[in-house]
Protein chains: 2
Amino acid sequence: MLNTFKALFTSDEILRGNFGVEREGLRVGVKGELSRNKHPKVFGNKIMNPYITTDFSESQLELITPVFNTSKEVYDFLNALYDIVALEIGDEYIWPESMPCIIPDDREIPIATFCKCKQGEEARAYREELLRKYGGKIQLISGIHYNFSLDDDVLNKLYENSSKKEDFKTFKDNLYLKIVRNYLRYRWLLIYLLGSTGVVHSSYKGECLKKLDNISQGAYSCEGIVSYRNSDCGYGNRVTLFADYTSTREYVNSLKRFINDGLIQSPKEFYSSVRPKGKNPNKILESLLNEGIQYLEYRSIDINPFSKGGISLEDLEFLELFNLYLLFKEESNYKDWQIDGLENQKNIARNGGLDIELIRDGEKVSKVQWGLEILNEIRDINHILNLGKGELIDAQIEKIKDYKKTNTYRFIELVKEKGYIDSHLDLSKKYKKEAYVKRFNLKGFEDMELSTQILMKEAIKRGIKFEVLDRDDNFISLEKNGKLEYIKQATKTSVDNYATVLAMNNKVVTKKILDKKDVRVPKGEEFTSIDESIRRIEKYVNLPVVIKPKSTNFGLGISIFPDGGGKEELTKALDFAFSKDNTVLIEEFIKGKEFRFLVIGDKVSGILHRVPANVKGDGKHTIEELIEIKNKDSLRGKGYKTPLEKIEIDTSVLLYLKNHNRDIYTVLKEGEEVFLRENSNISTGGDSIDFTDVIPNRFKEIAIKSAKSIGAKICGVDMVIEDYTDERSNYGIIELNFNPAIHIHSYPYEGKERNVAKDILNLLGFKESQCD
Amino acid sequence: MLNTFKALFTSDEILRGNFGVEREGLRVGVKGELSRNKHPKVFGNKIMNPYITTDFSESQLELITPVFNTSKEVYDFLNALYDIVALEIGDEYIWPESMPCIIPDDREIPIATFCKCKQGEEARAYREELLRKYGGKIQLISGIHYNFSLDDDVLNKLYENSSKKEDFKTFKDNLYLKIVRNYLRYRWLLIYLLGSTGVVHSSYKGECLKKLDNISQGAYSCEGIVSYRNSDCGYGNRVTLFADYTSTREYVNSLKRFINDGLIQSPKEFYSSVRPKGKNPNKILESLLNEGIQYLEYRSIDINPFSKGGISLEDLEFLELFNLYLLFKEESNYKDWQIDGLENQKNIARNGGLDIELIRDGEKVSKVQWGLEILNEIRDINHILNLGKGELIDAQIEKIKDYKKTNTYRFIELVKEKGYIDSHLDLSKKYKKEAYVKRFNLKGFEDMELSTQILMKEAIKRGIKFEVLDRDDNFISLEKNGKLEYIKQATKTSVDNYATVLAMNNKVVTKKILDKKDVRVPKGEEFTSIDESIRRIEKYVNLPVVIKPKSTNFGLGISIFPDGGGKEELTKALDFAFSKDNTVLIEEFIKGKEFRFLVIGDKVSGILHRVPANVKGDGKHTIEELIEIKNKDSLRGKGYKTPLEKIEIDTSVLLYLKNHNRDIYTVLKEGEEVFLRENSNISTGGDSIDFTDVIPNRFKEIAIKSAKSIGAKICGVDMVIEDYTDERSNYGIIELNFNPAIHIHSYPYEGKERNVAKDILNLLGFKESQCD
């Protein structure tokens, strides 16, 4: 098989596949106790949210990644889900490990609740039955479920190059079943390498604790432990069940037998450490028979407390190699491989840290020796197929050689030092802080525009399925309950019609339309001949006007007369403007502050005022130092990847300071504010300041009326207000923007963060509701 | 006043004003008889169409221009309306003169019918009353009504510079009333200069014919005639009525008196040759009193048979000067000016061609002397105000000096030569032909895109009010019955949502969306690394593929393998493509002919196939000559102002012919077809061929499905079909266009002209209906 792969595929193709992870995690209070709060409403109907739901308990989160083609994408998305949830659970935390937090008696464990529908009632009944049969505490053990399937092209090509004695479905099923059987044989190694459950809390099940030692406050463990979760302390059927994995039909038959014999109620109660999966999760066995195996689910992996998402990227990538090993490794004829496999699992889980022997084909073999044999074979695969993953194999070799390198050992040490609760909570707090600092980013999509990341993040939170259609273009689709929307750059959507967008994109047309609806716009005229403009100039003498080239470049050619000008001055300004462009505008000048009103549907979602880059003195630091301090804000970055930009000290800043009799070494007095540039662009370090709650309603109504006049649903209204504290103040609409950025409102420098993305999703018709 | 104008205004400002024309015209059959057909349905509800309606008779068209600021715009629009109507009345013609065609007895004259509504019933009743009171024949006299008002800025400035003893409304009314009084004094000159009714038909009223001579077949006239329409043969109240024009109040009072005295039924039955007009046409007198005079209507102007629209541009521009003359000319204190004015009108109308004397302030003055005095004063105005209209004043001076230069005389000569019917019909036929030749243009808007002109023309036809919001941008608005639509470039409208447009504008996204909906698109992959593309190339060996740079320039870097290629060939093609761009596409090649399906809403409005520039031999002419002949088609022009472009003999044509062993001097055999270029662009002389009725339904359904899949309402679907005669043929969608040109379907080189504009208007919700 290895040679077939070498002959048929490039390394790119070999490493292509379909991967996904489900990660459970308990919500806990500030003292590490299981939360009694409801699953946050913002995540919507649990059954309909494909990313964020609950497992057995109401307080047991389940984070589910979509299927990706690379481990990196899975890893990033899992972390993104963590970040999203961590910031929506108030002062609660996500427990960072598989073994539970402080848990109450069974009767007080909140079982997950669901919407009143058939599916919801079934889900609830299933959980009640589990509680009755297995007890509640064991259900709170959380884990990683890893899903994977081979690339379709690879499968097809393998089949094309096979003897074709069997049909494609059978061929594919047999490949997957070989992996399953080998998984059962070699899972002990995975448990050892990825195991992370070496401590349990005193509130956990008595029969488990009995045999353990108290190692620190509330913490119990034993020597050589690798994974309580995969040991007798963990989850499993009450009777040991061995399914038949020789063919899909036999597998299905064996499960049917278990059900007929009353050993389990349904296929999903068969707690094997690996599951072949079909297309239809509601008709598991029929689906396996009809369409064959679609993918495999590995269930032995503990949550890695040292990795925010619960599994490290290195481990995910190692799994890709492990999958290849399972696919390539020839099977022996040894009959009792399932019994040995289970025996080895239990043994490694409980005693893996000790110098133990395992059973291979009925014969004893040292854990280290066998482990090294497997890992060396994996290294050969890596070498022969040129996969370039040597380093991460070496890291796993280190672990098999030295128990102290395992997550389990490292975590036990931590617990010994800090006690059970703090060792866990400190990690959770760290992860939550990380999530907050990068709250404007969607992990794995940081190359996309911020506004798009923010919208996608909000969509994922609400269980709206997304797809990136063109990454460079920031083009995505969102789908929920059969509703499908295409969105570019967060605010270019289907709710706005094309004619309206084009009207907004044309200042002349915009002004005509607003003027007709009695919305104030700067009045003006356009001239294509200097002679005609001079003939008409008298009309504008002594009035506040702006004279400007139609297309302005960095404000070149603009003259502003806030208090009006004489004929001669205006004529000079016309000359100047015509030296820059063939078309010149004379426009009324409206005094005041400029605000960006973000209108979404029938409401103003945010009002923002931009201020040029500036610093505020403290009587101690120089301007240069103050800039450095200001730049440390995590909202500031470089290259538009953050809501604000770092202030750069360039020639224009130096010149500006010089013109104002300062330089970067000037020490500013306490409270002294100094601007650093003329322009207020965020892109050159300007500040965004939220004014949403400050601006009088009248101006909000004018902004909404402006948007409605032109037919816009999502619209950035740029308004100048002479005195924004006075409701009756003079104002003027400068421009309507059809692609307003949302990140400036979501994460302003100063003022309240506005959840604009939510408003957009609501406008698009993705309604918030617990049951939909 | 002249000096005030000189002091206050530039010549641009003086010539600015508001102008509009209404032109009546009888519909006639091929023998010159009054049509008995209904007013064409396409013009919709007569009461709601602001541009095209009927007057007294169902067969009496009334063409109404909107208000424009220049005479040129009025002139062009009037001609545009003529063109529109001329092509919608089948084999009928528009009678080119004020005096009627062959008319039947009163009982058989079809009175205009209207929708069943209050307004419609009133309109009908009014006409029946006119028939009873004045007879039908006289009602068929058609004319030009000229509306004008002064520019608002000019009026305001005049008031600002006045003594301000009266309020602005009174000031304005008094200005207009001065013009009215002077109009009544000097109208004789206008009648002489613009008069054109020197012949009547034998079917016209007996009492008029009695005094006339038969000058040719069916034609009656008399010596020195200028305007029967303005003579006793024309229209007028049965009793001579002189209104009081000293103030608006007195004017209104005098009309009320006429009504009280039973002399007229309503203000509109007062047939003065000039009317002061208010805002509300339904409450004429109240409106005049409340808001004052808004504009003036001149009613003495005959239709000029030598001008398609009914009035020449020169005469419209002369009227501007005449208006100034009336405004500036000081009035004498002579009491009986109204009696003299009417006397002079009758005299000039009937005897203007003779050497007659008129009465001025009770004293006789020779027609020529007085006329020259007036025209010389106008020449002074032109000179002093620097208006640059000397030439057209000179032309009018020629007319006053020489009767033979008048339209009336020239037309009488024509009638003498051809007879009454042919002299008229020949002109109508000529105008209709002109309308047809330029059927794709909207007169006055030829600088705009053809597609926009076509849409505007169709809108005007249907009585949809248009406004050009940005001419360079081809941005218009359409409005009817309170429904307002913004449209750019004819097909960028409100029915398409922005996200859909953006999806169509992104080929990758388009393909993903279509593919999901099982619409066939060329499958393919995008590569940004030559190494990776070469690693993957095996997949494409021996398959029909295109390898191309993502951004192509004139097809550079493209390799096509219609029958597949070997690994080496494909690799070379990749090398070649990567030499042109960093991103390269490998795409399935679909064989066949490419068609543009224009989907509008739920239907395919047109299917077009484009063929490279070509000529067809006749056994006589050289290729060069054949090109010259083909270029004579009126559909062909230069610079995208016509549906097709002239074929230019450039180096690429010469090279192409050379490569095919020909040159431009080759004489082609009869029926021999020769292409002149590789590319099929219309812009380089390609032919557009309509296939709408030829393509099987299946492909139309696929085109509609493609548009619907992406959510497009107006969509150009580019489809390749392997064998378009076979419904089951293979096909592929190449591209979806969100801004499809409509002119190519409206006016193809070959095949049926498709009224796509109508479909767009329907889709926008401007429904066709007789009564709306």
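Colleague: Before we start, when do you say that two residues are in contact?

Modeller: Two residues are in contact if their C-beta atoms, placed from the backbone, lie within 7 Å. And keep in mind that this is a predicted model.

Colleague: Thanks! With that, what does A:Leu81 touch?

Modeller: Leaving out residues up to four places away in sequence, A:Leu81 touches A:Tyr51, A:Ile52, A:Leu63 and A:Thr65.

Colleague: And which residues have the most contacts inside the largest nonpolar core?

Modeller: Those are A:Leu81, A:Val85, B:Leu81 and B:Val85, in a core of 357 residues. Helix α6 of chain A, residues 168–194, gives the most to this core, with 14 residues.

Colleague: New topic: what rotation superposes chain A on chain B?

Modeller: A rotation of 180 degrees, with 0.0 Å of shift along its axis, and the RMSD is 0.1 Å. The two copies are thus related as by a two-fold rotation axis.

Colleague: Which residue of chain A comes closest to the rotation axis?

Modeller: That's A:Asn497, whose C-alpha is at 2.1 Å. The same surface serves both copies, as 100% of the contact residues of chain A recur in chain B.

Colleague: How many residues are in contact between the chains?

Modeller: 28 residues of chain A are in contact with 28 residues of chain B. Elements giving two or more residues to chain A's side include β13 (465–470), β15 (483–488) and α19 (530–536) of chain A.

Colleague: Which element gives the most there?

Modeller: α17(A) does, with 6 residues.

Colleague: And how do the residues on that side divide?

Modeller: On the side of chain A that touches chain B, there are 11 nonpolar, 7 polar and 10 charged residues.

How values were computed: Residues are numbered from 1 along each chain as its sequence is written. Chains are lettered from A and ligands numbered from 1 in the order in which they are written. This is a predicted model: local features need pLDDT of at least 70, side-chain atom pairs count only at pLDDT 80 or more; totals for chains, interfaces and linings use all residues. Copies are superposed by least squares on the C-alpha atoms of residues with pLDDT of at least 70 in both. Helices (H or I, at least four residues) and strands (E, at least two) are DSSP runs, numbered from the N terminus. Ala, Val, Leu, Ile, Met, Phe, Trp, Tyr, Cys and Pro count as nonpolar, Asp, Glu, Lys and Arg as charged, and the others, Gly among them, as polar. A nonpolar core is a set of buried Ala, Val, Leu, Ile, Met, Phe, Trp, Tyr and Cys residues joined through C-beta atoms within 7 Å. A residue is buried if 20 or more other C-beta atoms lie within 10 Å of its own, exposed if 12 or fewer, and partly exposed in between; C-beta atoms are placed from the backbone.
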